[in-house]
Amino acid sequence: MGQRSSQFTEEELQDYQDLTYFTKKEVMHAHMKFKALAPEKVGHNRNAKLPMNKVLQYPELRVNPFGDRICKVFSTSQDGDCTFEDFLDMMSVFSDSTPKSVKAEHAFRIFVKYFCCISLCFHTPSKFHSYLLKPHCFYQVDVIFIKLSDICWHLIRH
């Protein structure tokens, strides 16, 4: 903090530190990253809610094929739009200091629900059997789903 002016009081920073796996300095750094996504919006209102398309510009999410699902899981409104607190929660869960059990819980929320939905869609006979997929493709979808479920199971166990 030093000479820098902060949009947060010392008490607010302490609360964020207590509620995340971040230090006060890391909270400030996360806010700087959040603000960089939409400086015109966050600069005037630290409680601004950024649309998912803005949050997905964050480099780590931009290259992640599950970026939209990650945003939806951490968004309090579940639509992918994020406040700073949503963003901070997301950054905290992905930090090195977060316990593996917490990471596993969020991995489950991100991946398993996503793949269960895909599996259900591919197994809806009236929509996909004769229209989008040939019968031999169902086996390939099942194999992929099983492999992805194994990955999620591995994340939960370790």
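This is a predicted model: local features need pLDDT of at least 70, side-chain atom pairs count only at pLDDT 80 or more; totals for chains, interfaces and linings use all residues.
I started by reading along the sequence, and the chain follows the pattern α-α-α-α-α-α-α-α-α-α. That is 10 helices and zero strands.

Of its 158 residues, 34% are buried. I also looked up contacts between residues at least 6 apart in sequence, and 50% of these join residues at least 24 apart.

Then I picked out helix α2, residues 24–37. I get 14 residues and a reach of 20 Å from first C-alpha to last, close to the 20 Å expected at 1.5 Å a residue.

Which residues of α2 are buried? My list reads K24, V27, M28, A30, H31, F34 and L37. Looking down the axis of α2, I see these buried residues fall within an arc of 165°, so they line one face of the helix.

What covers the buried residues of α2? I noted α1, α3 (39–42), α4 (52–55) and α7 (84–93) among the elements doing this.

Angles of 65 to 115 degrees count as roughly perpendicular, so that is how I describe α1 and α2. On the α1 side I wrote down E10, L13, Q14, Y16 and Q17, which meet K24, V27 and M28 in α2. Sorted by class, this contact has four nonpolar, two polar and two charged residues.

Conventions. Residues are numbered from 1 along each chain as its sequence is written. Side-chain values use heavy atoms; hydrogens and water are left out. Axes are lines fitted to C-alpha atoms, for helices over the stretch in contact, and angles run from 0 to 180 degrees between N-to-C directions. Helices (H or I, at least four residues) and strands (E, at least two) are DSSP runs, numbered from the N terminus. Angles under 35 degrees count as roughly parallel, over 145 as roughly antiparallel, 65 to 115 as roughly perpendicular and the rest as oblique. Contact means heavy atoms within 4.5 Å. Ala, Val, Leu, Ile, Met, Phe, Trp, Tyr, Cys and Pro count as nonpolar, Asp, Glu, Lys and Arg as charged, and the others, Gly among them, as polar. The expected span of a helix is 1.5 Å times one less than its number of residues. Buried means under 20% relative accessible area, exposed over 50%, partly exposed in between (1.4 Å probe, protein chains only). The arc is that of the directions from the helix axis to the C-beta atoms.
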